Amino acid sequence: MQALAWTTRPRRPGYAGNSLYNVAPDVAVTSAQVDDMPSTTDALGTSQRLAIAGAGIFTAASGLTAAASAPDVARFIVSACALAFLAALVGQSIEQIGERLGPGPTGLLQSSIGNVPELLVAIFALRAGLTTVVQAALVGSVLGTLLLVLGGAFLSGGARHGDQLFRPEAPRMLVTLLTLSVGAALVPTLAARLDTPAVHHVAALSDVTAVVLLLVYAASIPFWLRGGPDKFNTGAAPSAPPSDGGQGLVAGARPLPSSLTGPTAGCWSLRMAITLLAVAGIASGFVSDWFVSSLVPATRSLGISPVFTGLVIVAIASNAVENAAGIRFAWKARPDLAISTILNSPLQITLFLIPVLVLMSPVIGPAHLTLVFPPLLVAALALGVVVVGVVVYDGEYSWLEGVALIALYVIIATAFWWG
């Protein structure tokens, strides 16, 4: 089977990612090998051990605090940490399975179960009637990835290597699909807030919108599996200055170091990867239940509003840590890989996760999850997508753009602190 690989193109860092949005390889670099260019095996082995140990320790601690009826705040914090580590472990397990399946099946696997922790949290929250928290968490996951994680990647990569160039074709397509999906998801909100005749049918409108988004998602799969926008990019890529000070993979035609082409100790067996993925998925179910059961009393004790809890805490705990791999790729002078990895996550949420939850909500909980969001959430989501589209359009980023994205996220999060 073809290993999951990313490409390197002449005079530019390679583009691809652990998702549907991969390109046929020119030079194969596995996810295990790209974690740390100078010392790959050690760095990835350490991160793997941390993810496994952290998931095990905090999951056990979450179960113990729940069984011992510990204070709500303690249960909430411990279970949030457990969710973060489990999300990271799910992501790493999918990457390792992708080493055997190839980019196409790996993308389908990533899109289908990559957001398991977040999906389970949303399901338990819907069962508890916390519809507002679920809406805020979904929007917060998109905003956290677009602004906080992407900003962190720009800041880390730009501060270490200077201004970075990347192939803009695939990021532009990702942003285009993200803009369209966000716009479609916001139509029910506009119909309700503008008091149109559809205001009395927002549940049906939300269901129709969810079905259409899932159809768009399904229609996009063959396009990306055939190579995406890079398939039509036959011209030479523009040159880019060396971005890593002569270490590891740099822009230009210089071949990869031979140390990147051999086997690494960071690769798991297929049985181990599947086992850890299954264990992490099952553990996520228990931890999500404990997390949601402590959410309301803990946030009341801390004086935090439910919307802020969903927008920031739930979103970061269940989503952002998994996407921190994009920051690591930027730190290692892999801007194409960093951007495609990060942008893929919010697109999966808007095209797949949100529609699935909308259609499942009548069966799951007491209230139907609709796409009618509070006005400030709508404005924040639209603003985030537009800003990211402007930033990635020119095929270049700097550390200052990263600072600006993070600052915008902080301002938006602060606006929801009071509810």
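Mentor: Start with H6 and H12. From H6, the residues Leu 138, Ser 141, Val 142, Thr 145, Leu 146, Val 149, Leu 150, Ala 153 and Phe 154 meet Ile 339, Ile 342, Leu 343, Ser 345, Pro 346, Ile 349, Thr 350, Leu 353, Ile 354 and Leu 357 of H12. Contact here means heavy atoms within 4.5 Å, and helices (H or I, at least four residues) and strands (E, at least two) are DSSP runs, numbered from the N terminus.

Trainee: What classes do the residues in the contact of H6 with H12 divide into?

Mentor: There are 15 nonpolar, 4 polar and no charged residues. Ala, Val, Leu, Ile, Met, Phe, Trp, Tyr, Cys and Pro count as nonpolar, Asp, Glu, Lys and Arg as charged, and the others, Gly among them, as polar.

Trainee: Before we go on, what kind of model is this?

Mentor: A predicted one: local features need pLDDT of at least 70, side-chain atom pairs count only at pLDDT 80 or more, and totals for chains, interfaces and linings use all residues. Residues are numbered from 1 along each chain as its sequence is written, and side-chain values use heavy atoms, with hydrogens and water left out.

Trainee: Back to the pair. At what angle do H6 and H12 pack?

Mentor: About 180 degrees, with the axes of H6 (residues 131-161) and H12 10 Å apart. The two helices are therefore roughly antiparallel. Axes are lines fitted to C-alpha atoms, for helices over the stretch in contact, and angles run from 0 to 180 degrees between N-to-C directions. Angles under 35 degrees count as roughly parallel, over 145 as roughly antiparallel, 65 to 115 as roughly perpendicular and the rest as oblique.

Trainee: And how do the axes of H7 and H12 cross?

Mentor: At roughly 20 degrees, and the axes of H7 (residues 169-193) and H12 (residues 335-364) come within 9 Å. That angle makes H7 roughly parallel to H12. On the H7 side the contact is made by Pro 171, Leu 174, Val 175, Leu 177, Leu 178, Ser 181 and Val 182, and on the H12 side by Ile 339, Ser 340, Leu 343, Pro 346, Leu 347, Thr 350 and Leu 351. By class, that gives 11 nonpolar, 3 polar and no charged residues.

Trainee: What about H13 and H14, how far apart are their axes?

Mentor: The axes of H13 (residues 375-393) and H14 (residues 399-415) are 11 Å apart, at an angle of about 180 degrees. H13 is therefore roughly antiparallel to H14. Leu 376, Ala 380, Leu 383, Val 387, Val 388 and Val 391 of H13 meet Glu 401, Leu 405, Leu 408, Ile 412 and Ala 415 of H14. The classes here are 10 nonpolar, no polar and 1 charged.

Trainee: Change of topic. How many helices and strands does the chain have?

Mentor: 14 helices and 2 strands. Of the 419 residues, 58% are buried, buried being under 20% relative accessible area, exposed over 50% and partly exposed in between (1.4 Å probe, protein chains only). Among contacts between residues at least 6 apart in sequence, 82% join residues at least 24 apart.

Trainee: Which residues does Ser 62 contact, leaving aside its neighbours within four places in sequence?

Mentor: Val 78, Ser 79, Ala 82, Val 287 and Trp 290. Ser 62 is in helix H2 (residues 40-67) and counts as buried because its relative accessibility is 1%.

Trainee: And Val 73, where is that found?

Mentor: In helix H3 (residues 72-101). At 24% relative accessibility, Val 73 counts as partly exposed. Beyond four places in sequence, Val 73 touches Ala 298, Ser 301 and Leu 302.

Trainee: Now the backbone. What is the phi of Asp 195?

Mentor: Positive, about 55 degrees, although Asp 195 is not a glycine. Most residues other than glycine have a negative phi. Asp 195 lies in the loop between H7 and helix H8 (202-225).

Trainee: Ala 333 has a positive phi too. Is Ala 333 buried or exposed?

Mentor: Buried, because its relative accessible area is 0%. The phi of Ala 333 is about 60 degrees, and the residue sits in the loop between helix H11 (325-331) and H12. Asp 195, in contrast, counts as exposed at 60% relative accessibility.
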